[in-house]
Amino acid sequence: MSRTALRICPLCEATCGLTLTIEGTTVTGARGDREDVFSRGFICPKGAAFGALDADPDRLRTPLVRRDGRLREATWEEAYEAIATRVPALVRAYGAQSVGVVLGNPNVHTMAGNLYPSLLLKALGTRNFFTASTLDQMPKHVSSGLLFGDPFAIPVPDLDRTDFLLLLGANPVESNGSLCTAPDFPGRLKALRARGGTLVVVDPRRTRTAKLADLHLAPRPGSDALLLAALAHTLLAEGLAAPGALRERAEGLGELADALARFTPEAVAPACDLTAAEIRALARALAAAPTAAVYGRIGSCTVEYGTLASWLVDVLNILTGNLDRPGGVLFPLPAAGPRPRPAGPGKGFTLGRWLSRVSGHPEAKSELPIAALAEEIETPGEGRIRALVAIAANPVLSAPDGRRLDEALAGLDFMVSVDPYLNETSRHAHVVLPPPPPSQSAHHDFAFNGFAVRNQVRYSRPAVPLEAGRLDECEIHARLVLAVSGRHGSATPADVDEMVIQGTLAKETADPGSPLHGQDPQHLAGLLTGENGPERRLDLMLRLGPYGDRFASGRAPGGEDGGGGEGEAGGGGGGEGLSLERLLAHPHGIDLGPLRPRLPGVLRTRSGRIELLPDPITAELPRLRAALADRPATLVLVGRRHLRSNNSWLHNVPALTGGSNRCTLQVNPEDAGRLGLTEGGLARITGDGGSLEVPVEVTDTVRTGVVSLPHGWGHDRDGARLSVASAAPGANVNQLLDGSRLDPLSGTAVLNGFPVELTPLP
């Protein structure tokens, strides 16, 4: 007999609510949860394929341990004993920096991936920390850190109330959004236009998003920062800037015009391959809109001037008075985030507190560029990475020059992978710890609620009981922390969670500004509810958060300067007094209301103001000015998104393969004719890091001078166990890069707008 269960989808940033149909312990169907307070029944093909992913026969079900050169099935105790024996011994012999940690994109889509990696890093004491952020969004973290003092203070477009939306390098109809958590992004864009608003898309491809736009501009890839600088210059030069109340909150407004003086539309137009008239018209339309939001994503981040482009996005939002304004861009207030603090100066944000050992890359947000991982493993000397912990990461496909990294991983003394698959990276591991399928895991979006276009909170317990012989994903991570710290066998996973709870409460009760000041931490810990340590930690975060019950301390919840959530009719009862128990009583979630202004309380700069021209940005602008004289390459490459894919981790699900989800090289007909390329034929494409042979797709959806190859393919290595993906492996676009092209401020790999050469093959 079948039953239904609710589950938040973990397969992209939209975080849609699902209703699963379950027979026994098997998920047989998935549809959108119409009562979900955020997604309202929306579902995409990835969510509809939840059951197929959950039951993938290639998913690992038991740990693997390398013996005599081969990975063999082992018990959990054998797996953790191997880790506890090898990792602490390597740290004793070679120091903490001999261990590296890599976090992949799927990591942030799980509760475990949000609750435990910081504990793992603390236990290891290493600074060799790499994540997928330096292949994606790090420029936005850096620009926000410099502007607002907090790299996680990323304003998101108020999609449901804006009158004018300018999208750069974003294709949310395919990606479902990124750093902008918005179920049914396509529907929200259509609603914008239906209410008389304007959508402008800047993208070298005529994407499905661009096809919805009132205006589509197709500039030369990599020129986003130049275009944005020219838009800002025009606002300032023509007296169109109207920052309003932001004028009193920002430093550097007076100097901005001089800093951008060289970036006139006429100077920028040739480099962008747009006309000066188009640039001026866009600036004027942006200024004239009653409310407007400028939003840039991966296409404007993973380019040579990614941090400058990310900075200029918010410069435009500030100059037009649309930062921290309904209908503009606002800072979300997530329920499990820290409670708002009084406004005032903070510690600020600093880049380059330490450097990578080999090439001297500066850290950003405590992370080093993942493009530098191979050299940190290969290069002899003190601090060389000899052991690696990879959590939900496949950098052999996602990072530049996968062949080099592939060879480097093979030379490690020891490697641990937390991964459900034996993929192109985890096949090198000495121990593989497989998490259970998502139906058997609880879910709360700690990260993505910080980027959500509406404040809300949802939690789903496991839809299916944990299968015999498996460990819960949070327990896998907690045991890993114990194993690397030398506490394997002497402490339990529950001890790890309790340590966090006690430490948090001790700090909270010692803080004179806390409503819990002076109370007994042990007593407060005893008030927490939940079936296990992770649930108790979630309960603690909800209670201490901006809408929490503060353990019924009597203090009214709410945000700074009148911020905080507001309950709305039909939204599940509002957020006051939030706790796990209250959340569980609302299985479709609790609506906490629309985003609200949060300045100045969100600012953590040393000045307590928006620092519009921070020193690292000022020092980088001459390099952008020099780009005005560059001769553009004849042919450059950009990536592309597929609706039924997410980087490299959904290619093994039959329901999500085929159709338009293909690894083809898209070429404009004019370029194809000039180069002798034909539809369905083969071409050799060559970049800094090597060559690939790829099938050609001739299409006018890509502009001249640009070719497009999707990210995340190349499933052709021996030793991986991905039967569906390996049958149609595709080509790894990142092999065209050698890792030398980076945005210098953020360390982000340049994955878009780099030069390539094409030759036809027989």
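How do the residues of the lining of the largest cavity divide into nonpolar, polar and charged? They divide into 1 nonpolar, 9 polar and 5 charged, where Ala, Val, Leu, Ile, Met, Phe, Trp, Tyr, Cys and Pro count as nonpolar, Asp, Glu, Lys and Arg as charged, and the others, Gly among them, as polar. The structure is a predicted model, in which local features need pLDDT of at least 70 and side-chain atom pairs count only at pLDDT 80 or more, while totals for chains, interfaces and linings use all residues. Residues are numbered from 1 along each chain as its sequence is written, and side-chain values use heavy atoms, with hydrogens and water left out.

**Cavities**

- A search of the whole structure finds 5 cavities of 30 Å³ or more, a cavity being a set of points, on a 1 Å grid over the protein atoms alone, where a 1.4 Å probe fits but cannot get out.
- The largest cavity holds about 140 Å³ of space, a volume being the space filled by probe spheres set on the grid points, which are joined across faces, edges and corners.
- The lining of the second largest cavity divides into 9 nonpolar, 2 polar and 3 charged residues.

**Helix H6**

- In helix H6 (residues 138-148), 11 of its 11 residues are buried, which means under 20% relative accessible area with a 1.4 Å probe and protein chains only.
- Among the buried residues of H6 are Lys140, His141 and Phe148.
- Those buried residues pack against several elements, including helix H13 (298-301), H14 and helix H23 (615-626).
- Just after H6, glycine 149 takes a positive phi of about 85°.

**Helix H9**

- Helix H9 (residues 224-237) reaches 20 Å from its first C-alpha to its last, close to the 20 Å expected for its 14 residues, that is, 1.5 Å times one less than the number of residues.
- Because 12 of its 14 residues are buried, H9 is largely enclosed by the rest of the structure.
- The buried residues of H9 include Asp224, His233 and Leu235, and just after this helix glycine 239 takes a positive phi of about 70°.

Key:
1 Å grid on protein atoms, 1.4 Å probe; cavity = no way out; pocket = protein on both sides within 12 Å on 5 of 7 lines; lining within 4 Å. Helix = DSSP H or I, 4+ residues; strand = E, 2+ residues; numbered from the N terminus. Buried < 20%, exposed > 50% of the residue type's maximum accessible area, 1.4 Å probe, protein only. Contact = heavy atoms within 4.5 Å.
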